[in-house]
Amino acid sequence: MTDTRLLHTVGVRALEWLWAHRDGFRLESGVDPEIGFLERFKPVGELAQICAVLFREGVAGSRQADLARGLLDHAWRETLDGGRMLVRGQRIEPLSPIPGEVYLPFRELGHRMPDLERYVLLNHRLASSTACETKPNRRLGLSAFQRRFGLTPHPQEQEVLPSTWLARTPEPWTVEGHIAYDVTHTVFHLTRWGEDPDGLPPRLADYLAAWLPVWLDDWRDLRRWDLLGELLVVDACLPRPTLDEAAWAAFAGAQQPDGAVPAVGDLPAVDDPQDLFDVVYHPTLVAAFASTLATSRSLSALARAS
C-alpha cells in the first residue's frame, strides 16, 4: 500500500497549482455559440465536483481546505458571475444539460441560482431530454445528475447500465484510451464519485479488481498520466482498493515541482499561459481527486488495522 503522506502531498501540490492558475478557469463570453460556448464550462464543473469530494471526505488539512474553498468561491463569483453565466449558457443552448451539471456541485455546497433551476425543471419535463441520442455512459451520468438534483431519473440508472461497456465485461485487452475513460466515468456515476463503493455491482467490482492492476501497469508504462490518474480514482472507488504503490510512485513522479501534472509524457513547452492551462488543468484536477479519495481510503485502512 502506498504511503499516505505521498498520497496527501500529491493533492496539496495539485491544489496549489490550481489556485495559482485560477484565472485559467475563464469563459470566452464573445465566442460564437456554433463553435461551443459551453465547452469552457467543463473545467469549472470539474473543479466544483472535485472540491465537493474533498469537503465530503474530510481528509483535507487546513491549507488544502482553504485552497479548495477559495477556488470554489472564485469560480462562482468571478468565472460564473454568481451563476449568471450559467443562465446565459442555458439560453444559448436551451436543451443542453451542461449548465445544470456544472451548477449542481455549487448548489450542493450552498450557491443558488433560481433562474437556472427553473430551466433544469423545464428540461426534465421535455421528451427531448431523453430523445437526444447519447452514449450509454453519458446517459448514465445524466440520470445520476437528475437523481442528485432531486428529480426522478428517466431512464433509471439500472436501465442504462447494461448498455455500457463496463457492464458487458468485455475482453480486458480490448481497452483503448476512449474506452478506459468511459469505464472510469461509469464507475464515478455508480459510486457517486466515490461516496458509495457498494453502488458498484459485485460482478463489476470483481472484474475491475482482476483487471485494473493490469491497466494501471499499461498506462503507467505509456506515461498517460491523465488516464492513469483517473484509473487511480477508480481503484479508490472499489470496495477493496489496492492503492497500487508502483502506479502512485510513477504518478507522483510525473507531478512537477509547482504541482502541475502533464497529460502525457513530459510537460509540454507552451509559451501562452492559457494554452498551458488548457493542457494541464485536467490531469492536475484528477491528481487532486485521486489524492483525496486515496488518502481517505488509506486512513480508513490504517484505522481498521490499529
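**Close-ups of a predicted model**

**View 1. Tryptophan 215 and its neighbours.** Leaving aside residues up to four places away in sequence, tryptophan 215 touches Trp165, Pro172, Val175, Val183, Tyr207, Leu208 and Leu231. Keep in mind that this is a predicted model, not an experimental one.

**View 2. The largest nonpolar core.** Let's step back from Trp215 to the group it belongs to. This core has 88 residues, and the ones touching the most other members are Phe41, Leu80, Phe106, Leu208, Trp215 and Phe251. Which helix gives the most to this core? That's α14 (residues 273-305), with 10 residues. As a bit of background, nonpolar side chains tend to be buried together in soluble globular proteins.

**View 3. Helix α2, from end to end.** Here we follow α2 through residues 41-57, 17 residues in total. From its first C-alpha to its last, the helix reaches 25 Å, close to the 24 Å expected at 1.5 Å a residue. Why call α2 largely enclosed by the rest of the structure? Because 14 of its 17 residues are buried.

**View 4. The largest pocket.** Several helices supply at least two lining residues each, among them α2, α5 (98-108), α10 (177-190) and α14. The top contributor is α8, with 7 residues. Sort the lining by type and you get 14 nonpolar, 10 polar and 14 charged residues.

**View 5. The second largest pocket.** This one holds about 280 Å³ of space. It is lined by 17 residues, with Leu95, Pro97, Asn123, Ser129 and Leu142 closest to the centre. Two or more lining residues come from each of α6, α7 and α8. Once again look for α8, which gives the most to this lining, with 4 residues. By type, the lining has 7 nonpolar, 9 polar and 1 charged.

**View 6. Leucine 126, between two helices.** Find the loop between α6 (114-125) and α7 (128-131), and there sits leucine 126. Is leucine 126 buried, partly exposed or exposed? It counts as partly exposed, because its relative accessibility is 33%. Aspartate 226 is 100 residues apart from leucine 126 along the chain, and their C-alpha atoms are separated by 36 Å.

Technical notes
Residues numbered from 1 in each chain as written. Predicted model: local features only at pLDDT ≥ 70, side-chain atom pairs only at ≥ 80, totals over all residues. Heavy atoms only, no water. Buried < 20%, exposed > 50% of the residue type's maximum accessible area, 1.4 Å probe, protein only. Expected span 1.5 Å × (residues − 1). Core = buried A, V, L, I, M, F, W, Y, C linked by side-chain atoms within 4.5 Å. Contact = heavy atoms within 4.5 Å. Nonpolar A, V, L, I, M, F, W, Y, C, P; charged D, E, K, R; others polar. 1 Å grid on protein atoms, 1.4 Å probe; cavity = no way out; pocket = protein on both sides within 12 Å on 5 of 7 lines; lining within 4 Å. Points joined across faces, edges and corners; volume = space filled by probe spheres on them.
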